[in-house]
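User: I have not seen this one before. Can you walk me through the cross-links and charged pairs?

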Amino acid sequence: MKPLHILFLLIIAIQNVADFTNGKMHHHSPKKHKHSRKLSPAPAPTPTYPPSIPSDPSYGPTQPDTDTNTTCIFDVTEFGACGDGSTDDTAAFRAAWKAACQVENAVVLAPSGLVFMITSTIFSGPCQPGLVFQIDGVVMPPDGPECWPEKDSHQQWLVFYRLDDMTLTGTGTIEGNGQKWWDLPCKPHKGPNGSTLPGPCDSPAVGLIRFFMSSNLVVTGLRIQNSPKFHMKFDGCEGVLIDKLSISSPKLSPNTDGIHIENTKAVGIYNSVIANGDDCISIGPGCSDVDIEAVTCGPSHGISIGSLGVHNSRACVSNIAVRNAFIRDSDNGLRIKTWQGGTGSVSNIFFENIQMENVRNCVLIDQYYCLTKECRNETSAVYLTDVTYKNIKGTYDVRSPPIHFACSDSIACTNITMSEVELLPHEGVLVDDPFCWNAYGVQETLTIPPIDCLLDGTPQTLAENSLYGC
């Protein structure tokens with residue numbers, strides 16, 4: 001027998017052994033449910049930049065198995081959903097979720113061509129692994145405060161709670177119907193020419209999508225728009241992959257952060273476009289090992305770490321990387337903001353290959369963040385160290401200096417590194433007065449505009465204090 005034939009047969013034999021080992025030779029179909037049917041849903045897109053989190057080698061949720069013999073589809077229309085945009089379809093979604101939760105690799109399907117209105121709902125686990133919530137149509141909440149059921153929470157709409165190995169995906173749209181919430185008389189607004197309408201107030205404000213105390217999550221492919229408040233929030237989670245999302249709301253819509261994470265670890269955010277009225281991505285306390293790449297922001301308030309340390313609280317944030325991002329027409333670019341009086345630390349922050357276009361406050365550290373003029377300068381602060389800005393280029397809005405490092409009087413920022421930072425005015429005259437206060441660091445290359453206010457070495461007064469360790 002020819003050597004090539006022997007090699008070919010050997011490859012087939014090895015593949016058969018692998019198939020048998022992986023359980024592909026014998027399928028055991030899950031128990032059928034009354035409202036389930038077998039289909040092959042479109043697989044979730046494969047991320048271009050898969051996250052690499054050294055601290056968690058198991059990171060990366062398994063994509064749903066779309067083999068027709070192993071996947072059950074729970075179509076919400078078969079549970080009674082009308083999809084006419086006005087009928088309350090909440091009960092049908094809850095029933096489909098409850099049934100799918102019991103089956104491995106199940107899919108809750110909101111099919112295309114329909115508009116589903118559902119009220120505030122918690123989709124809770126634990127569920128069988130591989131659960132997919134697939135939105136191919138439009139899903140939306142009631143239209144504004146007057147239509148919101150009195151018994152429902154005004155603080156959240158869709159909540160995914162205590163889940164592991166779950167995917168939210170689809171080709172459809174999650175519509176927030178935020179306009180009537182933004183127009184509440186006491187809601188703080190940004191008006192024309194920098195003016196601000198009255199606020200804040202105690203009126204209800206809805207966050208659109210929240211993942212809480214969950215792990216190994218994938219969110220991909222969807223369009224999320226016009227949230228009354230935050231578009232998407234992750235709290236107390238670990239192992240999150242966000243890929244190919246489109247998030248949008250008007251430039252002046254108040255407090256409409258795109259993606260907010262807090263107390264969450266091992267996060268990858270990739271290949272997404274975010275335009276909104278607040279932070280494009282905001283990173284709160286308790287976050288670590290966050291990788292952001294190939295994200296376009298704007299208009300927005302840029303990518304923010306913070307605010308941290310409010311009400312003298314302790315905040316720990318570490319190992320944050322932002323690469324290959326584009327920020328345009330934004331009030332801020334790359335911002336770290338902390339309150340006076342906090343404790344903890346922000347460390348190992350890396351910004352690389354960021355393109356700016358018409359951005360105010362392109363590079364900003366603000367350790368005097370405050371919402372009123374009554375805040376005091378306190379002796380305690382969140383400690384900032386090991387912050388790198390590399391290849392940050394583009395244009396800035398001359399109404400604000402492009403580089404601003406305002407560090408605490410008592411706790412200096414240390415080990416700030418500037419390399420290949422070149423920022424020119426979008427219109428008007430070059431502003432060549434970057435601001436530094438109690439900020440220590442180095443310039444590896446000449447910066448445009450020139451920055452000579454960074455202090456050399458390390459401060460002698462920086463004490464070893466457990467308040468600032470994490």
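**Cysteines and salt bridges**

Analyst: Both C407 and C413 are buried. Keep in mind that this is a predicted model.

User: What joins C407 to C413?

Analyst: A disulfide joins them, with an S to S distance of 2.0 Å.

User: Is that one left-handed or right-handed?

Analyst: The disulfide of C407 and C413 is left-handed, because the torsion about its S-S bond is about -110°.

User: How many disulfides does the structure hold?

Analyst: There are 5 disulfides in the structure. One of them connects C101 with C127, again with 2.0 Å from S to S.

User: Where do C101 and C127 sit in the chain?

Analyst: C101 is in the loop between α2 (90-100) and β3 (107-110). C127 is in the loop between β5 (121-124) and β6 (131-135). The two are 26 residues apart, and the pair links distant parts of the chain.

User: Which hand does the link of C101 and C127 have? And are the two buried or exposed?

Analyst: The link is left-handed, with -100° about the S-S bond. Both C101 and C127 are buried.

User: Now C436. Which cysteine does C436 form a disulfide with?

Analyst: C436 pairs with C453, and their sulfur atoms are 2.0 Å apart.

User: What about the hand of the C436 and C453 link?

Analyst: That link is right-handed, with 45° about the S-S bond.

User: How accessible are C436 and C453?

Analyst: C436 has 13% relative accessibility, so C436 counts as buried. C453 has a relative accessible area of 21%, so C453 is partly exposed. The cut-off for buried is under 20%.

User: Why does C82 count as partly exposed?

Analyst: Because its relative accessibility is 44%.

User: And C237, how far away is the nearest cysteine sulfur?

Analyst: The nearest cysteine sulfur to C237 is that of C287, 9.9 Å away, and C237 is in no disulfide. A disulfide needs sulfur atoms within 2.5 Å. C237 has a relative accessible area of 3%, so C237 is buried.

User: Change of topic: how many salt bridges?

Analyst: The count comes to 10 salt bridges. Side chains of opposite charge can pair when their charged atoms come close.

User: Which residue does D279 form a salt bridge with?

Analyst: D279 pairs with R335, and their closest N and O atoms are 3.0 Å apart.

User: Are D279 and R335 buried or exposed? And which residues are linked in a network with them?

Analyst: Both D279 and R335 are buried. K337 is linked with D279 and R335 in a network of salt bridges.

User: Where does D152 come in?

Analyst: The side chain of D152 meets that of K151 in a salt bridge, at 3.2 Å from N to O. D152 is at 10% relative accessibility, so D152 counts as buried. K151 has a relative accessible area of 72%, so K151 is exposed.

Methods. Residues are numbered from 1 along each chain as its sequence is written. This is a predicted model: local features need pLDDT of at least 70, side-chain atom pairs count only at pLDDT 80 or more; totals for chains, interfaces and linings use all residues. Side-chain values use heavy atoms; hydrogens and water are left out. Helices (H or I, at least four residues) and strands (E, at least two) are DSSP runs, numbered from the N terminus. Buried means under 20% relative accessible area, exposed over 50%, partly exposed in between (1.4 Å probe, protein chains only). A salt bridge is a side-chain nitrogen of Lys or Arg within 4 Å of a carboxyl oxygen of Asp or Glu.
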